Amino acid sequence: VQHKSIFIDGEFPFWNRYNSAGLPLFGQGQSQILDPLHWIAVVSQGNIWGWDVKFLLSKLLFLFGLGLVLYLVTQSRIITVILVLSSAFIGFNNFRFNHPAFFNLTYAPWVLFFYLQLVKNLQRSIEYGTTGVRRWGDWPTVGIVLASALVLFSGTPKEASILLIALHFSGLLGILGI
């Protein structure tokens, strides 16, 4: 539906005219059209291989971000490798494995990664007594905003909202713990 809407009809996929008498597609929040990885499925016309590539890249991006977060927190390669390998098989439960909410996890570790970078920058500025803004000091904040937007756009909005509350609460605890 999204491929036909964009590439054939030349319009943004706001509406699914092929379901019932027409249902909101973008308004439901489940179109995932603003997720960069979803464009693989859109360009492939919704073919199975496009969804498989999107699913695999989503899982790899999640695992890479999780590995970075775990290594920053633990400073142990063995613990990081064990947890990343076991997290490759994470699923909410059996009926959610192929649910769009699964893709909300793709960018979740990246929110925490950027919060950890922000905490590291704040600790460094407290340690060295610098109060001015350094040249690259705002990049963790930009990363938090972009990763949060990607979490919101990558799956279902209800699950993304709860996930974002938990992620930002964790980040706030990290900042307050300085």
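Which residues line the largest cavity? The legends below take this up in a predicted model, along with two other close-up views.

**View 1. The largest cavity and its lining residues.** Let's start inside the protein. The structure holds 2 cavities of 30 Å³ or more, and the largest cavity has a volume of about 50 Å³. Lining this largest cavity are Val1, Lys4, Ser5, Asp9, Glu11, Trp15, Asn16, Arg17 and Tyr18. The elements that contribute two or more residues to this lining are α1 (2-8) and β1.

**View 2. Trp15, a residue of strand β1.** Here we stay with one of the cavity-lining residues, Trp15. Strand β1, where Trp15 sits, covers residues 15-16. Trp15 counts as partly exposed because its relative accessibility is 43%, a value between the 20% and 50% cut-offs. Trp15 also belongs to a nonpolar patch on the surface, together with Phe12, Phe14, Leu34, Leu152 and Phe153. These patch residues have about 550 Å² of accessible area together.

**View 3. Thr156, in the loop between α6 and α7.** Our last stop is a loop residue, with α6 (139-153) on one side of the loop and α7 (157-176) on the other. Is Thr156 buried or exposed? Its relative accessibility is 3%, so Thr156 counts as buried, the cut-off being under 20%. Look also for Glu159, whose side chain is joined to that of Thr156 by a polar contact of 2.4 Å.

Definitions and conventions: Residues are numbered from 1 along each chain as its sequence is written. This is a predicted model: local features need pLDDT of at least 70, side-chain atom pairs count only at pLDDT 80 or more; totals for chains, interfaces and linings use all residues. Side-chain values use heavy atoms; hydrogens and water are left out. Patches are made of residues with over 30% relative accessible area and no salt bridge: like charges are joined within 9 Å, nonpolar side chains (Val, Leu, Ile, Met, Phe, Trp, Tyr) within 5 Å. Accessible areas come from the Shrake-Rupley method with a 1.4 Å probe; for residues, only the protein chains shown count as cover. A salt bridge is a side-chain nitrogen of Lys or Arg within 4 Å of a carboxyl oxygen of Asp or Glu. Helices (H or I, at least four residues) and strands (E, at least two) are DSSP runs, numbered from the N terminus. Buried means under 20% relative accessible area, exposed over 50%, partly exposed in between (1.4 Å probe, protein chains only). A polar contact is a pair of N or O atoms within 3.5 Å; within protein, one must be able to donate a hydrogen and the other to accept it, and residues adjacent in sequence count only if both atoms are side-chain atoms. On a 1 Å grid over the protein atoms alone, a cavity is a set of points where a 1.4 Å probe fits but cannot get out, and a pocket is an open set with protein on both sides within 12 Å along at least five of seven lines; lining residues have an atom within 4 Å of a point. Grid points are joined across faces, edges and corners, and a volume is the space filled by probe spheres set on the points.
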